[in-house]
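Please read them with the model open.

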Amino acid sequence: MDKRECMDLAVHETKNSISAIMGYTELLKYGMIKEDDALRFYDNICKESMRLSSLVDDFSDLMKFSAKEYKIELEKISLKEAVREEVTQLERAFKGDVFINVDGDAIIEADRYLIMLCVRHLLENAIYFNDSETKQINVDIIKNKKNIIMTIKDNGVGIDEKEREAVFKCFYRIDKCKSREVGGNGLGLSVCREILNLHKASIGIEGNSLGGTTVTVIF
């Protein structure tokens, strides 16, 4: 997907959110909503506003990273500490519905902000695309003679082999999760790949349609 096509999709997604917000607002403004339903509509406005804000931030990041306009600031960081920091925030946000285990550690030379942004997107994907009552995610960090490998495994909806590469395209959503109700904006994995490209690292996805997905990042 080229930059022009990605930009067109970004405009389309932005207009969708704006239209939804305007629709909910007009219904409330003209008293067309029952009082008992009003809170739900306010909640929908809040969700669409947050989604729009996230979309703008992620699309801006994607354009900067893909154009190599971001100057990375390298430092030695503990990959486990970076993951744990994001895990703490996500577990608090999802109030006990998510269980994330982190094993292993390794020191990498990377841009702390970008790596944590990448980790956040990967963990959020593992949560959003998980229809299990108990969302169990395992993060393993292994260092061998040549590389540092981080895997993120979930017990979610899984992914067909034909979609393993497609999910890195702008705004792509796997067939069984087309609904906007799933969460996210379809840019997370695109942002992750660009971040990892800046670090000369790679990312891949394994899984099947029966359930469960493993994301592997190699530094």
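1. Helix α5 is followed by Lys200, whose phi is positive, near 55 degrees. Helices here are DSSP runs of H or I of at least four residues, strands are runs of E of at least two, and both are numbered from the N terminus. The model is predicted: local features need pLDDT of at least 70, side-chain atom pairs count only at pLDDT 80 or more, and totals for chains, interfaces and linings use all residues. Residues are numbered from 1 along each chain as its sequence is written, and side-chain values use heavy atoms, with hydrogens and water left out.

2. Helix α5 is mostly covered, with nine of its eleven residues buried. Buried means under 20% relative accessible area, exposed over 50%, and partly exposed in between (1.4 Å probe, protein chains only). The buried residues are Gly188, Leu189, Ser190, Val191, Cys192, Glu194, Ile195, Leu196 and Leu198. They pack against α2, α4, β6 (202–207) and β7 (213–218).

3. How do α2 and α5 pack? Helix α2 (residues 35–66) lies at an angle of about 30 degrees to α5, with the axes 9 Å apart. Axes are lines fitted to C-alpha atoms, for helices over the stretch in contact, and angles run from 0 to 180 degrees between N-to-C directions. The two helices are therefore roughly parallel; angles under 35 degrees count as such, over 145 as roughly antiparallel, 65 to 115 as roughly perpendicular and the rest as oblique.

4. The crossing of α2 and α5 is left-handed, a term used if the near helix is turned anticlockwise from the far one by less than a right angle, with right-handed used if clockwise. On the α2 side the contact (heavy atoms within 4.5 Å) is made by Asp58, Leu62, Phe65 and Ser66, and on the α5 side by Ser190, Val191, Glu194, Ile195 and Leu198. By class, the contact has five nonpolar, two polar and two charged residues. Ala, Val, Leu, Ile, Met, Phe, Trp, Tyr, Cys and Pro count as nonpolar, Asp, Glu, Lys and Arg as charged, and the others, Gly among them, as polar.

5. His121 belongs to helix α4 (residues 112–128). Leaving aside residues up to four places away in sequence, His121 touches Asp58, Gly188, Val191 and Cys192. His121 is buried, at 9% relative accessible area.

6. How many salt bridges does the structure hold? There are three, a salt bridge being a side-chain nitrogen of Lys or Arg within 4 Å of a carboxyl oxygen of Asp or Glu. One of them joins Glu165 and Arg193 at 2.6 Å, N to O. Glu165 lies in the loop between β5 (148–154) and α5 (188–198) and Arg193 in helix α5, so the pair ties together parts 28 residues apart in sequence. Both residues are partly exposed, Glu165 at 48% and Arg193 at 24%.

7. Arg120 is partly exposed at 29%, whereas Glu86 is buried at 2%.

8. Arg112 and Glu75 also meet in a salt bridge (3.8 Å, N to O). Here Arg112 of helix α4 is linked with Glu75 of strand β1 (residues 74–78), 37 residues apart. Arg112 is partly exposed at 30% relative accessible area, and Glu75 is partly exposed at 35%.
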